[in-house]
Amino acid sequence: MKKVLHEIIVIARTTSYFALFFIFMIAMKKLTLKDYDIEFTGLSQALIGALIMAKVILLMQMISLGSWVQRQPPIVDTVLRTLLYSVGVLVVVILEKAFEARHKVEGFSNAITYVLDSRNVYHVWANTLGVSASIFFYNVFAVVQRLLGKNGTYKLFFTGSLNRLEKEKVIIQTTLTSTK
């Protein structure tokens, strides 16, 4: 039961992160379209997308990228995971737009071509770039959290002032000296 509760908390935190990022993207889109008097809604899409993204990311993080990557600086793992996940996002967004456009053209393969050749391609790229940024920051945060240990990120951001943490070098110095 304790493990199930832990998994629910991890999924809830990850979903919350992506939900906030996606809601931010929707707000930016809404503000941009407001200039042209175009109404846009997508809150439910953002929340569902965040839940799906969280689960996929958590599952993908369990996959090792190999011993070579593990011997490299953390940025290699971070960038590779971001690229891999972003390619997956690109494919899913193209498929989603093609599914929506399938009634305009004959056949699903024609719909994919239609998406890539129409104005929809800019929407595909904008969504992919935005989600890729969220994935990159999530992967960076995961590395930092891993280096700081359990509750290390919480201690870093929510216990004491920045001045005190700098003076005492409470978390980072202890963590970095133990890895040498």
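Let me start with helices α1 (2–34) and α6 (residues 120–148), which pack at an angle of about 145°, with their axes 11 Å apart; the axes are lines fitted to C-alpha atoms, for helices over the stretch in contact, and the angles run from 0 to 180 degrees between N-to-C directions. The helices themselves are DSSP runs of H or I with at least four residues, numbered from the N terminus. The crossing of α1 and α6 is right-handed, meaning that the near helix is turned clockwise from the far one by less than a right angle. On the α1 side the contact, defined by heavy atoms within 4.5 Å, includes T14, Y17, F18 and F21, and on the α6 side it includes H123, A126, N127 and G130. By class, the residues of this contact divide into 11 nonpolar, 5 polar and 1 charged, where Ala, Val, Leu, Ile, Met, Phe, Trp, Tyr, Cys and Pro count as nonpolar, Asp, Glu, Lys and Arg as charged, and the others, Gly among them, as polar.

Residues are numbered from 1 along each chain as its sequence is written, and side-chain values use heavy atoms, with hydrogens and water left out.

The mean pLDDT, the predictor's confidence in each residue from 0 to 100, is 87 for the protein, and 93% of its residues reach 70 or more. Where pLDDT is low, the predicted coordinates should not be read in detail.

Turning to α4 (residues 74–101), it packs with α2 (residues 43–60) at an angle of about 140°, with the axes 12 Å apart. The two are therefore oblique to each other, a label for what remains once angles under 35 degrees are called roughly parallel, over 145 roughly antiparallel and 65 to 115 roughly perpendicular. In this contact, Q45, M53, I57 and M60 of α2 meet R81, Y85, V89 and E96 of α4.

Finally, D37, in the loop between α1 and α2, is exposed at 70%, and has a positive phi of about 55° although it is not a glycine.

Notes
Predicted model: local features only at pLDDT ≥ 70, side-chain atom pairs only at ≥ 80, totals over all residues. Buried < 20%, exposed > 50% of the residue type's maximum accessible area, 1.4 Å probe, protein only.
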